[in-house]
Amino acid sequence: MAAAASAFDDLVARLRPCRRIFVLTGAGVSTESGIPDYRDADGEWKHPRPMTYRQLLASAAARRRYWARSLVGWRRIAAAEPNAAHHALARLEAAGRLGCLVTQNVDGLHAKAGSRRVIDLHGRLDRVECLGCRTRFRRHAFQLELERLNPGWAERAAATLTPDGDAELHNADYDAFRVPPCPRCGGVLKPWVVFFGERVPPPRVERAFAALRRADAVLVAGSSLMVFSGYRFARAGRQLGLPLCLVNLGRTRADADADVKIAAPCGEVLPRLVAALVAEDPRSASRSRPGNGDGRAHRRRRADDAPPRRRPRVAGARG
Ligand SMILES: [Zn+2]
């Protein structure tokens, strides 16, 4: 454990002076919430590849298959709770140390943990979008309608689940599955997520790059960076001369470029890291705020210690 301990000390030392950490998260932060990862320790696919955008658009049969499997998978995603890694990143933000949290995950667990400066790079499964009129709806209402139109499906057990809420169903016949159209225009509905083969909307990418240019370090957590839409931020951070820190169980595409890499679960590393960075030791906290039990004064004081800076709002996904 000596090597691991020194890598952790190195991680803390590199991030300690930083006040605008750019955090990029991937499926590895959600595995401890019961949402599986796409890739194994070598960065290889664990599951059959997800449906592409082109396949989804190509036929009503593909969309029946997608929504039938999603009807089952969404129930598990919706029931998932944030884990220690999500909570740690929310604390980092509350302590005024986070510039921006860009996530490749579509499970919404960062928001559920209380993070606000989130850019949902690949969208979120809890919203549904119409390809015709571009209206966005809440998934919850759509799910109820799907379940109403397709009695019996919700009770099916999934063989496997993927991070995008796709549940593998054995011996399923999708022909009779009914997918409701957009209630506003009758158009085709799609989850508000970026499919494989689909482009991340450029304004969203630009918001993330703008946050990166204001950042003083890059911390990648739970991502193999195999997908370019995430990898480009690690690469651009290096080009900007920012420290690059990686926390991921398996190999990542940026291992060779990293200043420090810790191969351990995010749920173990991030809470310890954030505790070290914001000095949440209960003894020091109680010393610094006598008679104040809610912690806000402590956090405010720490934030005031930081050099003044503009904090443009980058929080929140669209809509
Ligand atoms: Zn519509």
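Good morning. The structure is a predicted model, in which local features need a pLDDT of at least 70 and side-chain atom pairs count only at pLDDT 80 or more, while totals for chains, interfaces and linings use all residues. Residues are numbered from 1 along each chain as its sequence is written.

I begin with the chain as a whole. The protein chain has 11 helices and 11 strands; helices (H or I, at least four residues) and strands (E, at least two) are DSSP runs, numbered from the N terminus. Of its 319 residues, 41% count as buried. A residue is buried if 20 or more other C-beta atoms lie within 10 Å of its own, exposed if 12 or fewer, and partly exposed in between, with C-beta atoms placed from the backbone. Two residues are in contact if their C-beta atoms, placed from the backbone, lie within 7 Å. Among contacts between residues at least 6 apart in sequence, 74% join residues at least 24 apart.

I turn to helix α8. This helix comprises the 12 residues 228-239, which at 1.5 Å a residue should span 16 Å, and its end C-alpha atoms are 16 Å apart, in agreement. The expected span of a helix is 1.5 Å times one less than its number of residues. Which residues of α8 are buried? They are Gly 230, Phe 233, Ala 234 and Gly 237. Seen down the axis of α8, these buried residues fall within an arc of 95°, so they line one face of the helix. The arc is that of the directions from the helix axis to the C-beta atoms. Against what do the buried residues of α8 pack? Their partners are the strands β1 (21-25), β2 (98-103), β9 (217-221) and β10 (244-247), together with helix α7 (202-214). On the face turned away from the buried side, α8 carries the exposed residues Phe 228 and Gln 239.

In the loop between β9 and α8 lies Leu 225, whose phi is positive, near 60°, in a residue other than glycine. As background, most residues other than glycine have a negative phi. Leu 225 counts as buried because 25 other C-beta atoms lie within 10 Å. Just after α8, Gly 241 takes a positive phi of about 80°.

Next is the pair formed by helices α3 and α6. The axes of α3 (residues 60-79) and α6 (residues 139-149) come within 11 Å and cross at roughly 115°. Axes are lines fitted to C-alpha atoms, for helices over the stretch in contact, and angles run from 0 to 180 degrees between N-to-C directions. Which residues meet in this pair? Trp 67, Leu 71 and Trp 74 of α3 meet Arg 139, Gln 143, Leu 146 and Glu 147 of α6. The residues of this contact divide into 4 nonpolar, 1 polar and 2 charged. Here Ala, Val, Leu, Ile, Met, Phe, Trp, Tyr, Cys and Pro count as nonpolar, Asp, Glu, Lys and Arg as charged, and the others, Gly among them, as polar.

Within α6, the buried residues are Arg 139, Phe 142 and Leu 146. They cover an arc of only 65° around the axis, which puts them on the same side of α6. The buried residues of α6 pack against α3, β4 and β5, whereas the face turned away from them carries the exposed residues Ala 141, Leu 144 and Arg 148.

The loop between β4 (123-130) and β5 (136-138) contains Arg 134. Although Arg 134 is not a glycine, its phi is positive, about 65°. Is Arg 134 buried or exposed? Arg 134 counts as exposed because it has 11 C-beta neighbours inside 10 Å.

Helix α9 (residues 266-278) has 13 residues and reaches 17 Å from its first C-alpha to its last, close to the 18 Å expected at 1.5 Å a residue. Its buried residues are Cys 266, Gly 267, Val 269, Leu 270, Leu 273 and Val 274. Seen down the axis of α9, they fall within an arc of 165°, so they line one face of the helix. After α9 comes Ala 279, with a positive phi near 50°.

Leu 92 belongs to helix α4 (residues 84-94) and counts as buried, with 23 C-beta neighbours inside 10 Å. Leu 92 and Leu 273 are 181 residues apart along the chain, yet their C-alpha atoms are separated by 9.5 Å. Leaving aside neighbours within four places in sequence, Leu 92 is in contact with Ile 21, Arg 97, Leu 98, Val 274, Leu 277 and Val 278.
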